Amino acid sequence: MMERVRAVLVTADDTMLVIRRTRPGIPEYWVLPGGGVEPSDESREAALHREIHEEIAGKADIIRLLHTMESDDERQLFYLARIATWSFDDRTGPEFSAEGRGEYALEEIPLTTEGLDGIDLKPEEITHVLWGAINAGSLGVEASL
């Protein structure tokens, strides 16, 4: 089974970092930074640190596992993390140089229900999880700092 890790990256300003994807022939959508767990990764958390470094040249403190989605052939683990530094100009992931992958643009959005409602975050299930956590006040980023 393929495993993927993604991060809800919360900034010091209580915004969230998301990647806007623009691909030919597909409506614009947003994803959370992350990617596949590789055999060389020591752990899922190590894979997430590697992906954050590749995609946004960032360093994050992983707070906790927030949500898991599973299908027949894939498991996605979504972690809540606090990020202090990042640089989209210094990204190194292989997906950025691959032909036909479209554009990746890093954006900060308010970590509010209005902020989430303003983007088409994929997969849709994580939007519902975040919406519920925001309304319940259960993201718990502040208490974990």
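**Close-up 1. The salt bridge between D41 and R50 in a predicted model.** D41 and R50 are joined by a salt bridge, that is, a side-chain nitrogen of Lys or Arg lying within 4 Å of a carboxyl oxygen of Asp or Glu, and in this pair the closest N and O atoms are 2.8 Å apart. Both D41 and R50 are buried, a word that stands for under 20% relative accessible area, with exposed meaning over 50% and partly exposed lying in between (1.4 Å probe, protein chains only). The model is predicted, with local features requiring pLDDT of at least 70 and side-chain atom pairs counting only at pLDDT 80 or more, while totals for chains, interfaces and linings use all residues. Residues are numbered from 1 along each chain as its sequence is written, and side-chain values use heavy atoms, leaving out hydrogens and water.

**Close-up 2. The network around D41 and R50.** Salt bridges link E38, D41, R50, E51 and E54 in a network. By the rule given above, the count of salt bridges comes to twelve.

**Close-up 3. The salt bridge between E3 and R75.** The side chains of E3 and R75 meet in a salt bridge with an N to O distance of 2.6 Å. Because E3 lies in strand β1 (residues 2–10) and R75 in strand β6 (residues 74–85), the pair ties together parts that are 72 residues apart in sequence; strands here are DSSP runs of E with at least two residues, numbered from the N terminus. E3 is buried, with a relative accessible area of 15%, whereas R75 is partly exposed, at 21%.

**Close-up 4. The salt bridge between R75 and E70.** R75 also forms a salt bridge with E70, and here the closest N and O atoms are 3.0 Å apart. E70 is exposed, with a relative accessible area of 51%.

Definitions and conventions: Helices (H or I, at least four residues) and strands (E, at least two) are DSSP runs, numbered from the N terminus.
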